[in-house]
Amino acid sequence: METVFKRPKSLIDVPFHYCPGCTHGIVHRLVAEAIDELGIEGRTVGIAPVGCSVMAYDYFACDMIEAAHGRAPAVATGVKRSDPDNLIVFTYQGDGDLASIGTAETVHAAARNENITVIFINNAIYGMTGGQMAPTSLPGQVTQTSPYGRDPKACGYPVKICEMLSELQGPEYLERVTVNNVKNVRNAKRAIKKAFQNQIDGKGFSLIEVLSSCPTNWGMTPKDALKWIDDHMIPYYPLGVYKDRSNGIDKFAAKED
Amino acid sequence: MARLTFRTDECKGCGLCIDACPKGILRLSEETINKKGHHPAECVDMEACVGCTSCAMMCPDCIITVER
Amino acid sequence: MSEKVLMKGNEAIAEAAIMAGCRHYFGYPITPQTEIAAYMAKRMPKIGGTFLQAESEIAAINMVYGVSSAGKRVMTSSSSPGISLKGEGISYLAGTDLPAVIVNAQRGGPGLGGIQPSQSDYFQATRGGGHGDYHIIVLAPSSVQEMAELTIKAFELADEYLMPAMVLADGTTGQMMEPVSFDFEIKEPPAKPWATTGTKCERPHNIANSLYLDPEKLERINNERYKRYEIVKEKEAKAEEYLTEDAEIVVTGFGIAARIARNAVDEARAKGIKAGLIRPITLWPFPDKPFKKAAEHAKRFISVELSMGQMIEDVKLATECRVPVDLCYRVGGMIPSPAQVLESIEKAAQEVK
């Protein structure tokens, strides 16, 4: 018999600290699989954020850096520029990190088409601090700091990162995926691998937004949480490619010619 | 013919593998409690497993190895 | 003798950084230090380096953090309000034990303050500036030559002690032009086996991190860092002494204040007052020793500052308050004149008679 599925090599063999059913683990594995398949572990540097995945530096076998809250794209910019021909640099960030406190760093790394790979976990809540409203929490979503449901009149509407960044001429590739069933996991894997391949090819800023679940803070079973992604998140955050400059998915394409 | 291996002590009993299995042959063990205090996932009919890797694809803790 | 070139202080800093092997600079425009960024923008592309105008001071210091993690010499510069923004990143650099050079061409504060010279970031610089227990090395140039010299020194010390180093200049020293010699011997930077340069699959992964959720470990890390600070204090504290041996009135000041004070000391001596000057060159570590020694014979200290009185506290600590310390100051971008300092000296001389 042949082993057809095992833990990827670039994922260190230690148990994750994540809650049962948290999809961070799936995305970690997909990132590690992409690194393994592209043979880049030895020249990859990952940047961990502040949030639930703060300790991602303990899980990836490549060199890792822990960034201040929201600053991962700036840190990644520094690392990448220190050795642009050799290093492969990725950030792994949650919604509070990337879409709230680190919005400026995200937008400007994208605008510069910084040649890095950004993995963006959107689970519509602050997990690490115990379930507060995120920039991506849905209208009406009940959280610890929106106990009567997110009221757009008082706290605005969610930030749609892929849509927003696709308005910039800079970035190479923006895609929103999810990992709530096997088919979607396979698709997320393809997108993440492409985001790394783009960097290897020198194409520039690639961001994969992964709609993820937080069963603990959503107050659901892991199974129900995955269904909630289908029923509530995907309608608000449609899946798909928002920009793929090399393949003509780019509202600026005509202007560039 | 296929074989699933679970790193039982690292299972958190989330059950996502169970829902992913097209053959319906996975369950959370009723008898066993692992080191973490969870009822871990197990396969009740290995003969029926086709090695599709769906369970492993959905496992957030990456504890399933699939051979075929 | 090597050739001297006439240069602005800010430009001397930039050129010295390049000499020191710095090939990465990240900045954000703010008066009065923008010449550093402009100089780097011109030079870096010509020598295969990186100049990047960041989207904010916060982003700039985090880019510095990235390059430093990857083991390369790197610098940013700003002025007071911008340094406040960098405070978070400086704390992370210190907590991760990473070397980096930060230039602060101080301007008057607080808040947006003004754009004229100041020394009112002394506390911020010498006490760390961000959150947590830490220090950074703080060097205070008082001439364009020293702007260059101490910038190189900052890179060397940062690498040696694995901590950020700041060149604490001000609007005056940054803008003034003086002849400067770049005849420096540059030491090879030490090996950085901790750097995140990719494992090449040949070693366990390196992690650049300041998070320790285990309180015992965090305590141990802090204690170890402070042991290193003790070595820095012991070995690196530096001051220039002028006519202090028999001085009854010891004037002190750093940077531009020291230049003014020195003129006043000369004038006081001409009038028969036994005045001297201690000019701290390192502000952290503070050069306690010359102050302790002078306190044995001095009757009065005068701290000359472009602040409401910040360094004066370190003078009192260094002398254990054995001798009274007067403050001679201007703020808001105003600069004390030699006449004002002389007046303070004469007043003190009168009082100690």
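Tutor: Strand 3 of chain A pairs with strand 9 of chain C, residues 207-208. The two strands run parallel, and 2 bridges join them. One pair can be named: A:Met64 has C:Ile207 as its bridge partner in strand 9 of chain C. Keep in mind that this is a predicted model.

Now widen the view to the whole meeting of these chains. Here 30 residues of chain A are in contact with 33 residues of chain C. On the chain A side, strand 3 (63-66) is one of the elements that supply at least two residues each. Helix 2 of chain A gives the most, with 8 residues. What classes of residue make up this side of chain A? There are 15 nonpolar, 7 polar and 8 charged residues.

Next, turn to the partner, chain C. Its secondary structure comes to 12 helices and 15 strands. The C-alpha trace spans about 75 × 50 × 45 Å along the principal axes of chain C. Does that fit a compact globule, or what would one look like? For 353 residues, a compact globule would have a radius of gyration near 20 Å; chain C has 21 Å, so the two agree. Of the 353 residues in chain C, 55% are buried. Take the contacts in chain C between residues at least 6 apart in sequence: 79% of them join residues at least 24 apart.

How values were computed: Residues numbered from 1 in each chain as written. Chains lettered and ligands numbered in written order. Predicted model: local features only at pLDDT ≥ 70, side-chain atom pairs only at ≥ 80, totals over all residues. Helix = DSSP H or I, 4+ residues; strand = E, 2+ residues; numbered from the N terminus. Rg over C-alpha atoms; globule rule 2.2 N^0.38 Å. Buried ≥ 20, exposed ≤ 12 C-beta atoms within 10 Å, placed from the backbone. Contact = placed C-beta atoms within 7 Å. Nonpolar A, V, L, I, M, F, W, Y, C, P; charged D, E, K, R; others polar. Pairing = 2+ DSSP bridges.
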